[in-house]
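Me: I have a model to look at with you, and I would like to know what stands behind each label. Shall we go through it together?

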Amino acid sequence: MRAAVLALLLAATPALALDVPSGQPVSLQEVLVDSVGPQTWLRFRLIAPAIARETGEIDYQTAARDMMHLCQELALPYIGEHDLTGDVIVISLADRETEFGVADPEVTQFFEAFHIENDLCIWESL
């Protein structure tokens with residue numbers, strides 16, 4: 001599991017609406033820097049109401065394209081702007097705001113992990 005959560009809310013603005021390929025509404029909840037063993041993980045936690053189980057219209061395959069886009073267009077510039085370094089970038093979508101590390105079986109969440117190679121996000125096999 002994770003060794004320590006530094007929980008740096010690095011200028012994340014909950015009201016920041018983001019454009020993604022699917023057109024679903026997505027907003028940034030927070031950015032966390034998390035130590036997992038010897039690695040540093042940069043977690044970009046986003047709210048995406050359209051993935052909700054009961055009422056959502058966005059499936060995982062569609063959301064996966066959005067997560068790749070968010071890694072490339074949100075995470076990479078953010079990392080550069082805030083002079084961060086990390087081994088793994090995690091893009092997570094949740095249908096509503098959640099507290100990090102607290103299980104909530106009612107929440108729909110999708111996650112993807114990436115690493116950076118030649119200024120590109122590459123899917124990470126975890």
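Reply: Gladly! Let us begin with contact, which means heavy atoms within 4.5 Å. In this chain, residues 24 or more positions apart account for 59% of the contacts with a separation of 6 or more. This is a predicted model, in which local features need pLDDT of at least 70 and side-chain atom pairs pLDDT 80 or more, while totals for chains, interfaces and linings use all residues. Residues are numbered from 1 along each chain as its sequence is written, and side-chain values use heavy atoms, leaving out hydrogens and water.

Me: What pattern does the chain follow along the sequence?

Reply: The order is β-β-β-β-α-β-β-β, which comes to one helix and seven strands. These are DSSP runs, numbered from the N terminus: helices are H or I with at least four residues, strands E with at least two.

Me: Why is the pair of Phe44 and Tyr78 called edge-to-face?

Reply: Rings of Phe, Tyr and Trp (its six-membered ring) pair if their centres lie within 6.5 Å; planes under 30 degrees apart count as stacked, over 60 as edge-to-face and the rest as tilted. By this rule there are three aromatic pairs. The centres of Phe44 and Tyr78 are 5.4 Å apart and their planes stand at 85°, so this pair is edge-to-face. Phe44 lies in strand S4 (residues 39-47) and Tyr78 in helix H1 (residues 60-81), so the pair ties together parts 34 residues apart in sequence.

Me: How do you know whether Phe44 is buried or exposed?

Reply: Buried means under 20% relative accessible area, exposed over 50%, and partly exposed in between (1.4 Å probe, protein chains only). Phe44 has 0%, so Phe44 is buried. Tyr78, with 8%, is buried too.

Me: What makes Tyr60 and Phe110 an aromatic pair?

Reply: Their rings are 5.4 Å centre to centre with 85° between the planes, again edge-to-face. Tyr60 belongs to helix H1 and Phe110 to strand S6 (residues 109-117), 50 residues apart. At 31%, Tyr60 counts as partly exposed, whereas Phe110 is buried at 15%.

Me: Which residues line the largest cavity?

Reply: A cavity is a set of points on a 1 Å grid over the protein atoms alone where a 1.4 Å probe fits but cannot get out, and lining residues have an atom within 4 Å of a point. Here the lining is Gln29, Arg45, Leu46, Ile47, Ser92, Leu93, Ala94, Thr98 and Gln109. S4 and strand S5 (88-94) are the elements that give two or more residues to this lining. About 30 Å³ of space lies in the cavity.

How values were computed: On a 1 Å grid over the protein atoms alone, a cavity is a set of points where a 1.4 Å probe fits but cannot get out, and a pocket is an open set with protein on both sides within 12 Å along at least five of seven lines; lining residues have an atom within 4 Å of a point. Grid points are joined across faces, edges and corners, and a volume is the space filled by probe spheres set on the points.
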